[in-house]
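Colleague: Could you take me through this one, starting with the ligand and then moving on to the strands?

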Amino acid sequence: MSKDKIKVILEEEHIPKQWYNIQADMPNVPPPHINPQTLKPAALDEMSALFPRELLLQEYSRERYIDIPELVREQYKKYRTTPLYRAKGLEKAISTGCKIYYKYEGGNATGSHKLNTALPQAFFNKQEGIKRITTETGAGQWGSAISMACNMYGLECVVYMVRVSYNQKPYRKIFMETFGSKVYASPSDNTEIGRMYLEQNPEHSGSLGIAISEAVEDAVKRDDTHYSLGSVLNHVCMHQTVIGLEAKKQFEILDEYPDIVIGCHGGGSNFSGTAFPFLEDKLRLGKKVRAIAVESTACPTLTKGVYAYDYGDSAKLGPIALMYTLGHDFVPSGIHAGGLRYHGASPLVSSLLHDGIIEAQAYRQQEVLCDGMLFARAEGIIPAPESSHAISCAIHEAKKADEAGERKVIFFNLSGHGYLDLYAYEKLLANALGDSDFYAEEMNKALEKLPAL
Ligand SMILES: *Cc1c(COP(=O)(O)O)cnc(C)c1O
């Protein structure tokens with residue numbers, strides 16, 4: 001087959017039948033999550049008010065491959081497999097000698113990779129007899145994905161949406177409501193925690209940490225309700241491995257293997273899903289592939305945070321995990337890549353970074369959106385501001401290789417499109433974007449409140 005293909009699409013039968021669980025191969029499996037009340041490792045039963053048993057078993061499983069239920073595969077078939085593209089337009093635009101490939105996860109109706117985990121999460125909750133799901137959303141992509149998945153399985157869905165995004169992205173709210181969800185701007189007066197933050201400041205712009213607390217409080221109050229998280233947790237990262245597993249097959253068809261695999265990083269699920277199947281080759285076969293997680297300089301969890309036990313949410317209701325963190329009280333400055341504004345990180349990604357198996361880089365908003373626009377003009381897809389971080393990194397690595405006289409094969413995941421983020425591009429076009437700073441003093445203050453374990 002020609003090595004010069006522009007696009008590789010696999011047949012439906014190549015949708016993976018199993019997810020890849022990197023816990024089977026990593027040198028240091030993250031310790032169990034800690035119960036925030038007892039400060040002891042949480043037994044599965046202590047978390048069953050929030051999650052179905054099947055997902056909790058996946059959370060701690062050491063099995064290398066875990067079967068994807070046939071009914072979930074049926075849903076995946078509606079939008080998978082997703083295409084792998086050779087970014088010839090981008091290569092030309094930056095005159096690189098490297099080959100750049102990207103996989104596009106924005107082709108489904110919700111516009112991002114998040115549907116890959118929303119579907120199995122709704123499925124396993126439905127199977128356990130749950131009637132109602134609560135969740136948080138930042139930029140709105142996760143809320144959109146879980147809304148659609150809940151609607152498919154006949155589950156009620158309640159979304160706490162970070163207020164700044166709720167005001168900035170009204171179309172995301174309408175999207176979720178179209179699928180029958182109830183959407184609250186967070187902090188809301190629907191929960192005790194929300195009311196507490198509103199009392200401090202009626203105009204509170206909210207944060208992911210606060211929205212998670214509200215969703216968790218709502219879920220524990222009712223027997224028919226579970227909580228669902230769109231990233232960070234081990235089972236969520238594992239569900240996303242359909243991305244990398246498909247990509248490996250697509251590279252096989254091209255008779256090619258990436259030297260560098262790149263994914264933007266908010267809570268870690270997109271990066272994990274893209275990179276873990278390649279890391280399997282690194283950990284088991286000694287392949288020399290580099291994996292780079294890319295974050296925003298406004299929320300530099302992996303590049304500036306500390307590796308420590310911390311709460312996943314602001315009100316300390318959810319489990320404590322060992323991860324890179326900026327402190328659960330840290331509120332990152334506003335950036336358009338709302339999906340990258342999380343104080344913590346996936347424990348799996350954190351452990352791999354701590355062990356030097358993966359790398360992390362951070363990029364500034366202005367550069368990132370300029371690269372997003374360059375990509376749009378070269379490739380014909382307007383990328384989500386989150387995904388544009390991966391583009392910036394791919395361009396940076398290509399230029400670095402060019403300077404060293406090397407011809408690398410670079411692969412990144414285009415996690416979503418930016419058609420509901422045009423506000424960010426409007427700002428860029430008007431020269432009114434600017435960069436959001438990171439304040440180390442704020443982080444240091446937040447880090448004083450880490451749990452004493
Ligand atoms: C949510 C989101 C991200 C960040 O995802 P994580 O999996 O939490 O790291 C990246 N890109 C897009 C398009 C998103 O919607």
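Modeller: A polar contact here is a pair of N or O atoms within 3.5 Å; within protein, one must be able to donate a hydrogen and the other to accept it, and residues adjacent in sequence count only if both atoms are side-chain atoms. This is a predicted model, where local features need pLDDT of at least 70 and side-chain atom pairs count only at pLDDT 80 or more, while totals for chains, interfaces and linings use all residues. Residues are numbered from 1 along each chain as its sequence is written, and side-chain values use heavy atoms, with hydrogens and water left out.

Colleague: OK, how far is a ligand oxygen from an N or O atom in the side chain of His113?

Modeller: That distance to the His113 side chain is 3.3 Å, while for the side chain of Ser231 an oxygen atom of the ligand lies 2.7 Å from an N or O atom, and a polar backbone atom of Gly267 is 2.8 Å from a ligand oxygen.

Colleague: And how much of the ligand does the protein bury?

Modeller: The protein buries 97% of the 390 Å² that the ligand exposes when taken alone (accessible areas by the Shrake-Rupley method with a 1.4 Å probe; for residues, only the protein chains shown count as cover).

Colleague: Switching to strands, how do S4 and S5 run?

Modeller: Strand S4 (residues 84-86) and strand S5 (residues 99-104) run antiparallel and are joined by three bridges, with Tyr85 opposite Tyr102 in S5. Strands are DSSP runs of E, at least two residues, numbered from the N terminus, and two of them pair if DSSP finds at least two bridges between them.

Colleague: Which sheet is that in, and what is the strand order?

Modeller: S4 and S5 belong to an open sheet of seven strands with mixed pairing, in the order S1-S4-S5-S15-S10-S11-S14; its edge strands, S1 (7-8) and S14 (359-363), each pair on one side only.

Conventions:
Helices (H or I, at least four residues) and strands (E, at least two) are DSSP runs, numbered from the N terminus.
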